[in-house]
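Here's a quick tour for anyone meeting this structure for the first time. Have a look at the fold below, then we'll walk through it piece by piece.

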Amino acid sequence: MPITPATLSQTDDGTPYAPVYDDVYHSRAGALAQARHVFLGGNHLPERWADKDHFVVVETGFGLGLNFLATWATWHTQIDTLRCRRLHFVSVEKHPLRLSDLSCLLAPYKNELPGDLVDALIRQWPILSAGTHRLVFDHGRVILTLILGDAETALAQAAARADAIYLDGFAPSKNPDIWSEAVCEALAKLSGAGTTLATWSVNGEVRRRLSAHGFELLLEPGFAQKREMLTGTFRERRPHPNPGLPHGRALIIGAGLAGTATAERLATRGWRCTIVDAGVLAGGASGNQAGVIRPLPSIDDNVLSRLTRAGFLDTLQRLQHLKDIHHSVQWDACGVLHLARDDAQALVMQQAVVALGLPSELLTWLDQPQASDKAALSVAAGGWWFAAGGWLNPSDYCKQLLRASGATLLENTAVATLCQTDHAWAAFDTTGKLIAEAEIVVLANATDAPRLAKPYSDALPIRPARGQTTLLASPPVPAPESVICRQGYWTPAINSVSTCGASFVVDECDLTMRTSEHAENLATLREMLSAETGSWPTPEYATLGGKVGLRPIVPDRLPLVGQLPAREDAAIASRSRAARARVPGLYVNSGFGARGILFASLCAEVLASQIAGEPLPLSKDLIRTIDPMRYAHRKS
Ligand SMILES: Cc1cc2nc3c(=O)[nH]c(=O)nc-3n(C[C@H](O)[C@H](O)[C@H](O)COP(=O)(O)OP(=O)(O)OC[C@H]3O[C@@H](n4cnc5c(N)ncnc54)[C@H](O)[C@@H]3O)c2cc1C
Ligand SMILES: C[S@@+](CC[C@H](N)C(=O)[O-])C[C@H]1O[C@@H](n2cnc3c(N)ncnc32)[C@H](O)[C@@H]1O
């Protein structure tokens, strides 16, 4: 669903006003004062979050983000013993503000709010596309999950347990959909015993719906000219949708993108991580000089289209975050061209651009001359242009993620077996010597994960797909100025050397460089160029450099992220549903296939959020598509 940004106006006294809804964004008596009285006060905040590991606020209608900023400001100015360790704010918004409007409207609040909260929000404001966007502030301790979409459908897909709810649509008479039966039902599903809510509206129909869905309601003194406001408490006990673990020690097997990204995300939640690798950091598939980051859209915005967009946007956020903490990764947003294979595909690609209606930073169509202009080379066809995409050095990414995580890395240490003891997991080498112990294990060891997961490996149908890149010195071969993709890819020159690739041979584990695959890569490259550009002399294949790696692929070409499913026999014996379904303390982050650079950050954030029992950065349906449970108990 394309996102339509808000159209804005202001009332005579300067209060932001939405012509579409004929209503103001906040009380004329002051947005921050309203937020403190109605939303924080009505939910007994900040007292209720004191000393909690994390606390989750869910909001309907993000608007200008003033409730978020007021909540964050309250948390920001407290001492540690009075606040939760991590504050989650999950908000849904159908018509987000354009960055320019947001900057303009929030400017007056810079003096009223502490630190650089307003600037931080503006800096991270996402490219406006449908789906879940995760923005991380205050050293990872304040996490905004901004769901862009209609509350009526999107809230039911939110994967979270709310501690407090802010209901803040426009007036129910003018904006009935955000107070609808579906929204009230979804809010109840996000609630458990003790979840509270608050809103300035005392609308009778809204009260009837909320109480029918299990909230005990109370009328309390309202803000400014409003006599009353509404508060409520959910009383029904419900199992937590994603019960987490207290932080402790994590043992991560594999020091590629999956392992280092997992360590970095777990570390922000207080986990002490040890990464063990049979070889060296980024010595496996993650060791290339350069790979491509860009989404893969589809006309119907299918699962892969939504997941790759989420992965792409999350990677951009992570790269910015790493830069902010002085761990800049070597990469360049030079833009990525994806050329059409033929006329029929060109037509479908153009239709997809129209159907998705994405902002131009995310997706546009360029005809052949425009595409050639971007590449600074004459290319064979027109195609998609991902202006925010580019190339990235995956081994440097691993290095920076490792540094940011503070994890201990044990290199040249192969894990032969894993053993579960009463409260921990232990890893042993081939001689039976203990390597390390921890409360949880994350299998980030790519194609070797199924072996170590035994007897739970049914859910991990990971196979190797050999791939070889080819390095081209430039000159004599003129490299493009943006990345070009078609059946393969070709990057700009990085330190005078460009990368093209990559061959794809399933079930092949041989790691020796092959001249035949250099020839294949160059043939793929020439197909991207117009006849005259591709006519440079063929280099001596045997002299070419490159890198061979094994991609961990899964039949449906989607990642495998989550806690491992238990075997069926164990299932029958155990008590609770959660215990029945999963192996305590055993997780996987793998199956990235040909998109590991793109997926690493998002999948690590999903896994770390699951482990900590926090709101997830993806909708429930996307979480299901990457859950290893999808392959468990398959009938063979
Ligand atoms: C040629 C090629 C080109 C690619 N191009 C792109 C691209 O352009 N864009 C993109 O997004 N992705 C690309 N990819 C995919 C991406 O590189 C992979 O998906 C990603 O690197 C996988 O990361 P990983 O951490 O799962 O695996 P790896 O990087 O292989 O890491 C796994 C680690 O586990 C270790 N290990 C295994 N078994 C054990 C054990 N028993 N004990 C201890 N350690 C163990 C290994 O030594 C290894 O270091 C490409 C891949 C290849 C091969
Ligand atoms: C009163 S404003 C919210 C103000 C905001 N909480 C703040 O702190 O600035 C209401 C918001 O709800 C959004 N909205 C209206 N209908 C919606 C729907 N069906 N789904 C999601 N958001 C919706 C509007 O676009 C608007 O931004």
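Which residue in β2 does S9 stand opposite? That would be Y17. Before going further, keep in mind that this is a predicted model.

- β1 and β2 (residues 16–18) are held in their antiparallel pairing by 2 bridges.

**Helices α2 and α4**

- Helix α2 covers residues 66–76 and helix α4 covers residues 117–124; they pack at an angle of about 125 degrees, and their axes are 10 Å apart.
- If you're checking handedness, α2 makes a right-handed crossing with α4.
- On the α2 side of the contact you'll find F68, L69, W72, A73 and H76, and they meet L117, V118, A120 and L121 of α4.
- Sorted by type, the residues in this contact come out as 8 nonpolar and 1 polar, with no charged ones.

**Strand β8 and its neighbours**

- Strand β8 (residues 164–167) is covered on both faces: A164 and Y166 are buried on one side, and I165 and L167 are buried on the other.
- β8 runs parallel to strand β4 (residues 54–60), and 4 bridges join the two.
- β8 also runs parallel to strand β9 (residues 196–199), this time with 3 bridges.

- Another 3 strands form an open sheet, in the order β14-β19-β15, and the pairing is antiparallel.
- The edge strands are β14 (291–293) and β15 (331–332), and each pairs on one side only.
- Between β14 and β19 (residues 390–392) there are 3 bridges in the antiparallel sense, and W391 in β19 is the bridge partner of V292.
- Helix α9 (residues 303–324) lies across β14, β15 and β19, and it runs at about 105 degrees to β14.

Note on methods: Residues are numbered from 1 along each chain as its sequence is written. Chains are lettered from A and ligands numbered from 1 in the order in which they are written. This is a predicted model: local features need pLDDT of at least 70, side-chain atom pairs count only at pLDDT 80 or more; totals for chains, interfaces and linings use all residues. Side-chain values use heavy atoms; hydrogens and water are left out. Axes are lines fitted to C-alpha atoms, for helices over the stretch in contact, and angles run from 0 to 180 degrees between N-to-C directions. A crossing is left-handed if the near helix is turned anticlockwise from the far one by less than a right angle, and right-handed if clockwise. Contact means heavy atoms within 4.5 Å. Ala, Val, Leu, Ile, Met, Phe, Trp, Tyr, Cys and Pro count as nonpolar, Asp, Glu, Lys and Arg as charged, and the others, Gly among them, as polar. Buried means under 20% relative accessible area, exposed over 50%, partly exposed in between (1.4 Å probe, protein chains only). Two strands pair if DSSP finds at least two bridges between them.
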